[in-house]
Amino acid sequence: MTDDSRVLKTIPGLAGTVDLAQRLQEAITPGACVRASLEEAPDLLVSDLQALAAAHLTARRRDARLAVEMPAGGRLESAIRRAGFDGPSDAALLREGDLWTGVRLPEGRAA
C-alpha cells in the first residue's frame, strides 16, 4: 500500500453490517487504497460477507483498491467457509496471500 492508503481499523463493538458497509463506502473513494481488518469484530455474519463482497465491487467501479485481511485459519476465513463463500459459484474470491482483494465475476457480467 502507498503512503496515502486509508487503513480501516477495527473498532471493538462494531455496530453490525450496516456500520461496516457504511464505513467501507465512505472510505472507498476514487483511487483510494483501503485495507480493512475484521479479526477483532464481534460476530461475522453472512450479511457482513455480503457487505464486503459489495465493497469490492464498489472499489472496482471507483478505480480503488480494497484489501481485507484474511489470515489462514482466522475468523474471516472461517466465516467465509461456514457460509459457503469459498465454494464453486458464479463468483470467486480473489486472494493475494492473506488478503481478500476482490471478487471475480463470470465473463460478461458487469462489476
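Angles under 35 degrees count here as roughly parallel, over 145 as roughly antiparallel, 65 to 115 as roughly perpendicular and the rest as oblique. The structure is a predicted model, in which local features need pLDDT of at least 70, side-chain atom pairs count only at pLDDT 80 or more, and totals for chains, interfaces and linings use all residues. Residues are numbered from 1 along each chain as its sequence is written, and side-chain values use heavy atoms, with hydrogens and water left out.

Helix α2 (residues 46-61) and helix α3 (residues 75-83) cross at roughly 105 degrees, their axes coming within 10 Å (axes are lines fitted to C-alpha atoms, for helices over the stretch in contact, with angles from 0 to 180 degrees between N-to-C directions; helices are DSSP runs of H or I with at least four residues, strands runs of E with at least two, numbered from the N terminus). The two helices, α2 and α3, are therefore roughly perpendicular. At this contact (heavy atoms within 4.5 Å), V46, L49 and L52 of α2 meet L76, A79, I80 and A83 of α3.

Helix α1 (residues 16-27) packs against α2 at about 15 degrees, with the axes 9 Å apart, which means that α1 is roughly parallel to α2.
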